[in-house]
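User: I have not looked at this one before. Can you walk me through it?
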Amino acid sequence: MMMMDPLSILAAEEEEKQNKILEKEKEVEEQKRSTQVNHAKIFAEEERKLESIATIHLHHPSIHVGMNDNIKTIEINDRSLITKKKWMNAFCIVNFDLEIGQTLDYSFPPKLNLKEEEIVNLCFLSFPDSNSHLQGDIIYCFKLKYWNQETRLYDYQYGYVFFRQEKNDRIERGYLQRSVVLLSDEPFVGLYKKVIEVVGPLYFQFGETLLEVAFQNMSNWPELKLGQSYELPILGSIFTFHVPYTIGAPHIIDPILKYSNNTNFQSSVMGSGGAGGGGNGNASTGLSPPLVSVSNLKSIDLYCCFKNLSTKLWMLWEMVLLNHPIIVMSPSPPISSDCVLALISLISPLNYTGDYRPYFTIHDPDFQKFTATNSTFHKHSSSNNNNNTTSSSSEEVDCAELHNNINGTPSTILGVTNPFFLKALGHWPTTVIIGPTQRFGKSVESSASSMKKTLSFSRDSDAKERVVSEYKPLTSPDKTILKKISSGDLENNNNNESLRKHFLQLTLNFLIPLERYFASLLPLAKTISVFQRPPRLKDFDQEEFLNKLEGDDETYVIDSKTKEIELYKKFLESSNFENWLENKRKEAIRHLNILYRKAILEADVQTLLKGKSPATALDLYKRIKDQLILEENLFNTSHEIKEKIKSHLELIVPYLPLTWQAN
């Protein structure tokens with residue numbers, strides 16, 4: 001056997017070692033290339049989603065669009081915002097007792113988590129304010145203010161009422177007066193009015209057991225998430241409903257009735273002995289006719305609400321935009337609640353941030369606050385703060401609501417039916433008078449489209465409907481739209497849809513210069529770097545915005561440039577603007593954080609650190625470490641993303657100062 005000299009042996013070993021190194025580098029390179037391809041696909045998908053978000057915001061600036069919390073879409077979710085939302089809180093039965101008045105007879109679940117005075121207010125809100133002996137059913141909604149024990153703040157629940165009044169000789173007064181109320185934290189007016197339209201008549205046939213069944217139906221609905229579409233079964237009917245992307249403003253779009261089989265439901269309830277003692281009807285009687293889906297663009301018919309005040313709609317749009325206090329005086333709770341909600345919806349997609357009460361009575365705990373003049377309110381507040389330590393925190397909350405008001409009047413839209421309010425709220429700057437007469441319908445059908453016709457035709461069409469206001473509007477009615485709706489037919493939705501589309505476009509046009517200026521405050525995407533935190537947003541400089549607006553030849557909602565600038569000046573002082581700006585800043589910061597996180601995840605750390613000092617590497621290490629802490633403790637992040645960030649940290653370690661490497 002031929003012996004190799006030592007140099008040859010060393011050369012062979014070196015060659016073998018080099019081959020192994022080359023193979024390892026090739027393997028690493030191949031793995032790296034594969035990873036880059038996968039990440040390229042992931043980030044291409046994210047870019048597509050981000051572009052979609054930008055497009056949606058361009059056309060619908062108030063809409064918030066989220067993305068899923070997985071590696072493919074690279075989304076940041078704040079765990080503090082991830083709470084399981086309930087579709088509803090309870091069903092209640094409110095009855096009229098001749099001796100003690102309105103009483104809460106029943107609730108399911110039994111515990112409402114309301115104080116005694118809040119339950120009293122719930123009972124009064126569940127009944128019409130007028131003492132009418134006309135028979136029939138009505139549906140309306142209200143807001144119930146209550147003390148939230150968890151947050152230690154005042155909050156609201158929304159009540160959706162099915163009220164029935166019918167002749168009953170067995171009752172001393174001669175009439176049955178009873179309300180079925182659905183309580184929810186959500187202002188899904190279109191959905192819940194349809195739900196109570198299904199539940200109400202069935203309760204009067206089958207009693208309290210029916211409400212327990214309905215509650216279980218709704219408890220089994222999928223988890224409530226913003227921006228999702230659902231098929232929601234309730235007592236033999238199925239509604240298709242799209243949850244809005246944002247919360248706060250009332251959502252008045254109707255669900256679609258996909259399926260209704262009340263006959264089968266009636267058989268199943270009767271077969272299981274479901275007829276309860278709470279109902280006053282006969283279980284053998286037929287149920288209401290199958291429900292018919294309302295085809296309006298919105299469930300609240302803007303034209304029907306203000307058909308005799310159509311020329312005043314632009315003035316009302318302007319006042320709602322600027323958070324002006326408004327009273328709506330009408331003859332019944334359905335008209336009151338519909339008109340208040342219609343006013344708020346005028347500025348859609350902009351969120352109305354003032355308080356609003358679709359139906360308000362003299363028994364409400366806030367009655368004194370709303371009826372007090374500026375001087376008497378502050379005198380009352382001072383007196384309470386000096387004499388009653390317990391109530392001081394409550395007074396502070398109420399005083400805070402006076403932000404952006406006229407002469408001490410809260411920025412609120414109140415719907416009332418008691419004529420006493422015309423005197424008690426005489427200091428309020430604007431009153432919209434709708435009415436004066438209204439008759440209940442004959443069946444539950446009248447609570448939807450038929451009810452709109454019943455209420456509309458029963459209102460006098462003379463000059464008694466009017467807007468009494470000190471406010472001098474800057475905008476003018478659109479003559480083209482007025483001509484179009486004046487020739488329309490109340491039997492169809494053309495007038496409503498024409499008005500809806502017009503005011504939607506008017507609001508979007510109003511937001512154009514605000515959106516443009518805010519966009520100029522955003523840092524460029526190319527400034528995002530893993531070596532520094534996302535750049536800060538510039539402040540919204542109101543003076544700079546108005547100067548730019550003045551120098552712009554274009555007008556957006558008013559032909560007169562002087563009047564238009566005045567309108568924007570007033571808007572910048574409103575809480576609607578503050579809320580719009582806060583939401584825009586949150587959206588922008590969220591978007592920048594997504595881009596920063598993307599930059600970290602797709603960074604080629606070794607290439608970035610070539611030629612960089614250990615101090616620079618240490619700074620990068622700390623930034624990525626901070627991001628990992630956020631992912632692990634604040635965001636709902638997938639395991640794959642966290643592992644990717646950890647691998648970046650491991651790659652940085654060799655570039656750190658020696659003292660840090662040892663640690």
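**A salt bridge to begin with**

Analyst: Asp 338 and Lys 193 form a salt bridge through their side chains, with 3.0 Å from N to O. A salt bridge here is a side-chain nitrogen of Lys or Arg within 4 Å of a carboxyl oxygen of Asp or Glu.

User: Where do Asp 338 and Lys 193 sit in the chain?

Analyst: Asp 338 is in helix α8 (residues 333-345) and Lys 193 is in helix α3 (residues 189-206), so the pair, 145 residues apart, links distant parts of the chain. Helices (H or I, at least four residues) and strands (E, at least two) are DSSP runs, numbered from the N terminus.

User: Are Asp 338 and Lys 193 buried or exposed?

Analyst: Both Asp 338 and Lys 193 are buried. Buried means under 20% relative accessible area, exposed over 50%, and partly exposed in between, with a 1.4 Å probe and protein chains only.

User: What are these values based on?

Analyst: This is a predicted model, in which local features need pLDDT of at least 70 and side-chain atom pairs count only at pLDDT 80 or more, while totals for chains, interfaces and linings use all residues. Residues are numbered from 1 along each chain as its sequence is written, and side-chain values use heavy atoms, leaving out hydrogens and water.

User: What does the protein average in pLDDT?

Analyst: The average pLDDT is 77, and 71% of the residues score at least 70. pLDDT is the predictor's confidence in each residue, from 0 to 100.

User: Which residues have pLDDT under 50?

Analyst: Residues 269-297 are one such stretch, with 69 contacts beyond four places in sequence in the model. Residues 374-404 are also below 50, and that stretch has 40 contacts beyond near neighbours in sequence. Contact means heavy atoms within 4.5 Å. Where pLDDT is low, the predicted coordinates should not be read in detail.

User: Back to salt bridges. How many are there in the whole structure?

Analyst: The search finds 16. One of them joins Lys 586 and Glu 582, at 3.3 Å from N to O. Lys 586 and Glu 582 are about one helical turn apart because they lie four residues apart in helix α18 (residues 575-601). Glu 582 has 41% relative accessibility, so it counts as partly exposed.

User: What about Lys 646 and Glu 632?

Analyst: Their side chains also meet in a salt bridge, at 3.9 Å from N to O. This pair links distant parts of the chain, with Lys 646 in helix α21 (residues 639-652) and Glu 632 in helix α20, 14 residues apart. Lys 646 is partly exposed at a relative accessible area of 31%, and Glu 632 is partly exposed at 33%.

User: Which residues of α20 are buried?

Analyst: They are Ala 617, Leu 618, Leu 620, Tyr 621, Ile 624, Gln 627, Leu 628 and Glu 631.

User: Now the sheet. What is the strand order?

Analyst: The five strands run β2-β1-β5-β4-β3 in an open sheet with antiparallel pairing. Two strands pair if DSSP finds at least two bridges between them. The edge strands, each pairing on one side only, are β2 (101-108) and β3 (136-148).

User: How many bridges join β1 to β5?

Analyst: Six bridges join strand β1 (residues 90-97) to strand β5 (residues 175-184), and the two run antiparallel.
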